[in-house]
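Subject: Structure handover

Hello,

Please find the structure below, followed by notes on what was found in it. Please read the notes with the structure open.

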Amino acid sequence: MTEISALKTGLIADIAAADTLDALEALRVGALGKSGVVTGLLKTLGPMSPEERLEKGPPIQDLRESVTAALAERKAQLEQAALDAKLASERVDMTLPADIGPQGSVHPVSQVMDELAEIFADLGFSVATGPEIEDDWHNFTALNIPETHPARAMHDTFYFPDEEGQKKMLLRTHTSPVQIRTMMNQPPPIRIIAPGRVYRSDSDATHTPMFHQIEGLVIDRGITLGHLKWTLETFLKAFFEREDIVLRLRPSYFPFTEPSVEVDVGYTLVNGQRIIGGDGDAADGGWLEVLGSGMVNRRVIEACGLDPDEWQGFAFGTGVDRLAMLKYGMNDLRAFFDGDLRWLKHYGFSALDVPTLSGGVGA
Amino acid sequence: MKFTLSWLKTHLDTDADLATILKTLNAIGLEVEGVENPAERLAGFKIARVLTADKHPQADKLQVLTVDHGDGEPLQVVCGAPNARAGLIGVFGLEGAVVPSNGMVLKKTAIRGVESNGMMCSTRELELGDDHDGIIELAPDAPVGRVYADWAGLDDPVIDVSVTPNRQDCMGVRGIARDLAAAGLGRLNAIIVPTIEGAGPGPDVRTDDPDGCPAFYARTVRGVTNGASPDWMARRLKAIGQKPISALVDITNYIMIDLGRPLHVYDMATLKGGLVARKGRSGEQVLALNGKTYTVDESMTVIADDEAVHDIGGIMGGEHSGAQDDTSDVLIECAYFTPERIAVTGQKLALTSDARGRFERGVDPAFLDDGLSIATSLVVTLCGGTPSEATRAGAPPLALRTIAYTPDQCLALAGVDVPADEQKRILESLGFSVSGDADSVEYQDGMPVSVPGHWTVTVPSWRRDVDGWPDLVEEVVRIVGLDHVPSTPLPRTPGVARPTATPEQLVERRVRRTAAARGLAEAINWSFLSEKEAAAVGGGDWTLANPISEDLKVMRPSLLPGLLSATKRNVDRGAASVRLFELGRRYFKQGERATVGFVLAGEKVARGWQSGKAQPFDAFDAKAEVIALLAAAGAPVANLQGFGEASAAYHPGQSGTLRLGPKMMLAEYGVLHPSLARQFGLSGAVVAGEIFLDAIPPKRKSGALRAPYAPPALQAVKRDFAFLVPADVEADALVRAVRGADKKAIVDARLFDVFVGPGVEDGQKSLAIEVTLQPGDKSFSQEELEAISASVVKAAGKLGATLRG
């Protein structure tokens with residue numbers, strides 16, 4: 001039996017020493033191939049008597065199993081080594097740049113409009129729209145601004161040429177005509193916001209001939225100035241995402257509201273920059289006017305065909321661009337309308353920054 | 001509206017400090033726009049006496065002074081003023097003081113080798129006047145050593161408030177004082193109206209235009225001596241930025257600002273005959289006090305004598321008839337002009353003035369006699385002369401309004417409960433009179449029952465703006481303070497907030513964020529274009545009558561010009577690749593159309609270590625954006641048909657439109673026409689597109705439930721076909737024909753290769769299509785596959801296609 005034992009030792013040593021897959025295959029053929037040495041030994045088992053096979057068989061079977069296992073193990077080792085060598089040869093400089101494709105952005109005005117829509121949706125306000133090319137009845141007359149009223153001169157209105165037998169047409173100077181259209185087209189109770197472009201003939205660092213407003217309107221029974229106050233406080237706190245928002249309400253005048261209220265929000269000077277929040281009367285503070293509002297004038301409600309003894313409510317309007325500037329810190333309004341890719345990349349928002357209440361409206 | 005603190009205190013007896021007054025002004029609706037104390041700018045400037053003045057050893061025009069400023073040793077000062085001399089008392093800036101006119105900090109220095117400590121100042125240096133010919137000379141009794149601003153009465157903060165158009169009464173200091181008194185800041189002093197003993201009849205004035213000028217009151221004062229106004233008046237006018245001119249002119253200005261009552265003074269020597277308020281006559285001209293000539297018409301009210309127009313009624317006086325230094329006889333006009341008329345005239349002439357601002361809002365119609373008496377008295381006091389009786393032509397609208405009001409209305413509208421007696425106090429302190437009982441007792445069946453009664457509130461003559469009960473609520477609330485209005489939550493519908501976005505809004509949001517996700521930056525461009533830009537894209541329907549500039553004149557019929565201009569600006573700033581989009585409206589006679597526009601210009605892919613040379617955009621990049629954005633907008637993209645070329649804005653051979661039927665165009669896109677690109681200063685390939693969001697059919701609402709679907713058990717089979725087709729056959733037609741060849745089995749057909757060249761005859765092209773076949777219950781048999789192939793080849797054959805061998 002020492003013969004078989006010696007054979008096993010020799011074969012296993014040869015297998016372990018094989019350094020290529022080809023050499024290993026040659027060894028396999030030499031041992032387990034058709035005329036291999038192990039195959040030859042196995043063939044001797046056939047003619048044996050059962051007693052003899054019982055005696056001589058196990059060592060031969062053991063030889064076959066050991067050699068097979070050694071071949072498989074060595075093969076795996078060599079394959080792994082080959083793979084390692086291949087991978088090592090495929091190494092590249094992973095610090096080379098990868099092109100992630102172009103990066104787009106959402107304009108801050110659109111983002112702020114979405115933020116406002118989200119906040120007001122929670123308060124039950126839906127979104128309404130109206131034409132930008134308006135007639136003077138919707139833009140002025142129905143809003144209790146008669147032809148000679150100084151308030152008409154306050155708005156630097158863009159007009160279109162008069163046409164015989166046609167209404168006088170203009171570019172809306174505010175989103176307030178949407179109030180009128182809504183009250184005329186849908187029965188109360190009403191809760192809407194109306195965002196959009198508005199136009200005034202004005203141009204400097206803080207005024208552009210086109211800008212964006214958002215109008216709010218609530219018409220219902222028993223609505224008071226107290227509801228207006230709460231709504232504005234709630235909305236501004238949510239919008240600026242700060243609890244330390246301090247509002248200053250000042251009586252004012254708009255022909256379409258009575259009483260009328262202007263709203264200032266307190267800011268704090270931090271390193272020369274106005275940061276919204278804090279008491280505007282504090283030493284390092286001040287006030288910024290953010291919106292105009294008031295209880296809808298009874299004449300406006302009447303002009304829309306509603307009974308002002310039954311329905312009353314409030315309206316407010318604010319500049320979307322201005323809100324964006326205050327929240328996100330831009331200081332030149334003209335840049336909003338310049339389309340400068342560098343500015344849009346810096347101040348714009350990612351497509352997936354969708355404002356949600358659960359994620360925070362500031363995205 | 002500007003006034004000084006001391007001026008306010010002539011009407012308001014108060015102990016309140018400046019901060020409290022400012023805070024209260026804001027709280028009651030008189031927004032403080034600014035406050036400035038001139039004394040703060042003049043800190044460090046004292047009254048000083050020049051003791052000696054000697055020639056400067058090194059300079060002819062300079063003198064070396066010794067100056068006594070009341071403190072310690074006299075100081076040596078080098079001075080260039082010709083009037084500097086021993087004995088002069090002037091204003092001296094000490095070391096450390098800041099010169100208002102130039103911000104210079106004074107310090108010890110040497111001028112031409114001579115030490116100089118501080119500076120003797122001119123009025124211009126202190127911004128107290130224009131005089132720079134010499135240093136200020138004060139009266140000989142001016143107290144040496146005192147802070148100049150204190151002595152000169154300049155320690156008086158100037159307050160600037162913004163008065164809303166409804167508050168005519170606060171266009172005078174007195175009205176502001178009345179509001180502050182009502183808010184609890186002191187007591188309104190009584191106004192003293194002098195009695196004028198007129199000598200002789202009043203002047204010949206009348207009104208022939210009772211609509212525009214219902215009342216024209218006047219007196220004359222003969223034998224006046226015009227001159228400089230007294231110090232107190234000149235100082236107040238100066239403090240608020242009004243230049244003192246002469247006593248006669250200053251008196252009218254002063255009363256206008258003090259009491260909100262505009263007046264006009266005529267030099268009678270310049271008048272021919274009596275004065276009449278009448279309508280203008282077409283073509284009549286008047287040289288106004290601002291030096292400009294205005295042409296009036298029949299819609300305007302003027303004041304004229306027998307020969308000429310002397311005044312644009314209620315807006316501005318004439319240059320020729322105003323009071324001069326040598327004027328001896330004056331006519332003082334105190335008239336009432338109808339606000340609407342003033343507004344129209346002022347707008348037509350584009351002429352603003354302090355008087356217009358007041359008449360337009362509406363002056364107190366019950367203050368004509370008093371105003372005239374106060375003015376006459378001031379003229380006589382300051383300039384001497386003998387007044388006449390008053391002439392009162394016409395009658396001002398004096399009818400008083402009353403409003404029925406119940407104190408409950410304050411709670412109902414403003415949500416704040418103010419006790420009735422407090423409401424009454426507020427209204428009365430503002431000049432309203434209140435009568436009646438808030439609650440009255442009535443007897444029903446002999447039993448006393450308290451029923452809500454109402455007050456009858458009479459509106460003061462100076463509050464033209466108040467004409468309904470909500471105005472009274474507003475008065476009460478603003479005086480009580482808006483901070484007393486309790487915040488009241490809006491009633492909330494139970495449950496989670498409902499969705500509120502409109503379908504259009506949802507589409508816009510999806511399109512906007514898809515475009516941004518695809519690498520485009522959102523721009524917002526002007527809604528208006530120049531006429532030339534509009535013409536380049538077919539011309540606009542709406543042209544402004546009063547554009548702010550020629551560049552912003554026509555409402556855009558296309559989003560492309562705005563985007564192309566923005567592209568050009570970016571290219572000029574060095575951008576190598578521009579991807580911009582805008583979501584906005586286009587404006588037509590038929591309405592405003594929601595539209596998405598985009599421009600891709602420059603490099604699509606920058607040169608790179610992987611991609612090699614930079615690659616430009618082509619028409620198919622535009623097509624890809626259009627389809628992706630249409631899909632985001634919910635358009636039935638699979639059903640869209642491509643129709644030939646787009647509008648003239650595009651390259652005729654490299655553009656297209658996508659439609660649902662020939663008339664429903666949803667989008668156009670392509671390579672920009674080179675001549676349009678050139679017009680916007682762009683070169684290289686510029687591709688663009690527009691999507692007409694309003695043309696997309698709205699999606700039918702089908703609820704959350706999807707159509708039932710189970711993925712097929714058997715795998716789909718793919719077969720490739722290569723066809724030779726005439727070169728003019730559109731690829732899309734062939735793909736559609738192939739897809740339609742067996743509607744049951746063929747689920748997709750995709751063109752993957754186009755070839756023209758060796759092996760393909762001239763006038764032909766090779767199109768290769770991958771067809772996806774989906775078996776149903778069992779796999780396709782060989783016969784079935786052959787039958788499908790045959791029908792594909794047959795369908796393609798109808799377009800002249802033959803299977804490539």
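Two residues are in contact if their C-beta atoms, placed from the backbone, lie within 7 Å. Helices (H or I, at least four residues) and strands (E, at least two) are DSSP runs, numbered from the N terminus. This is a predicted model, in which local features need pLDDT of at least 70 and side-chain atom pairs count only at pLDDT 80 or more, while totals for chains, interfaces and linings use all residues. Residues are numbered from 1 along each chain as its sequence is written, and chains are lettered from A and ligands numbered from 1 in the order in which they are written.

Confidence

The predictor gives the complex an ipTM of 0.88 and a pTM of 0.85. Among the elements of chain B, the lowest mean pLDDT, 64, belongs to strand β27 (residues 439-444), and the highest, 98, to strand β30 (residues 521-522). Where pLDDT is low, the predicted coordinates should not be read in detail.

Domains

Domain bounds come from an automatic or database domain assignment. For chain A they give domain 1 (2-88) and domain 2 (108-347), and the centres of these two domains, taken over C-alpha atoms, are 90 Å apart. Chain B is divided into domain 1 (2-37 + 157-188), domain 2 (40-151), domain 3 (205-394), domain 4 (403-460 + 467-484), domain 5 (503-695) and domain 6 (717-803). Between the centres of domain 2 and domain 4 of chain B, again over C-alpha atoms, there are 62 Å.

Where the chains meet

In chain A, 68 residues are in contact with 74 residues of chain B. Elements of chain A that give two or more residues to this side include α5 (108-122), β5 (210-220), α9 (225-240) and β7 (257-270). α9(A) gives the most, with 7 residues. The chain A side divides into 36 nonpolar, 19 polar and 13 charged residues. Here Ala, Val, Leu, Ile, Met, Phe, Trp, Tyr, Cys and Pro count as nonpolar, Asp, Glu, Lys and Arg as charged, and the others, Gly among them, as polar.

Helix pairs in chain B

Axes are lines fitted to C-alpha atoms, for helices over the stretch in contact, and angles run from 0 to 180 degrees between N-to-C directions. The axes of α6(B) (residues 231-239) and α7(B) (residues 247-259) come within 11 Å and cross at roughly 60°. That makes α6(B) oblique to α7(B); angles under 35 degrees count as roughly parallel, over 145 as roughly antiparallel, 65 to 115 as roughly perpendicular and the rest as oblique. In this pair, Met233(B), Ala234(B) and Leu237(B) of α6(B) meet Asp250(B), Asn253(B) and Tyr254(B) of α7(B). The residues of this contact are 4 nonpolar, 1 polar and 1 charged.

For α8(B) (residues 339-349) and α9(B) (residues 354-361), the axes come within 7 Å and cross at roughly 140°, which makes α8(B) oblique to α9(B).

Backbone points in chain A

Most residues other than glycine have a negative phi, and most peptide bonds are trans. Pro188(A) and Pro189(A) are joined by a cis peptide bond with omega about 0°, and Pro189(A) lies in the loop between α8 (177-185) and β4 (190-199) of chain A. Another cis bond runs from Glu258(A) to Pro259(A), with omega near -5°; Pro259(A) is in strand β7 of chain A. Asn271(A), a residue other than glycine, has a positive phi, near 50°.

Regards

Terms used: pLDDT = per-residue confidence, 0-100.
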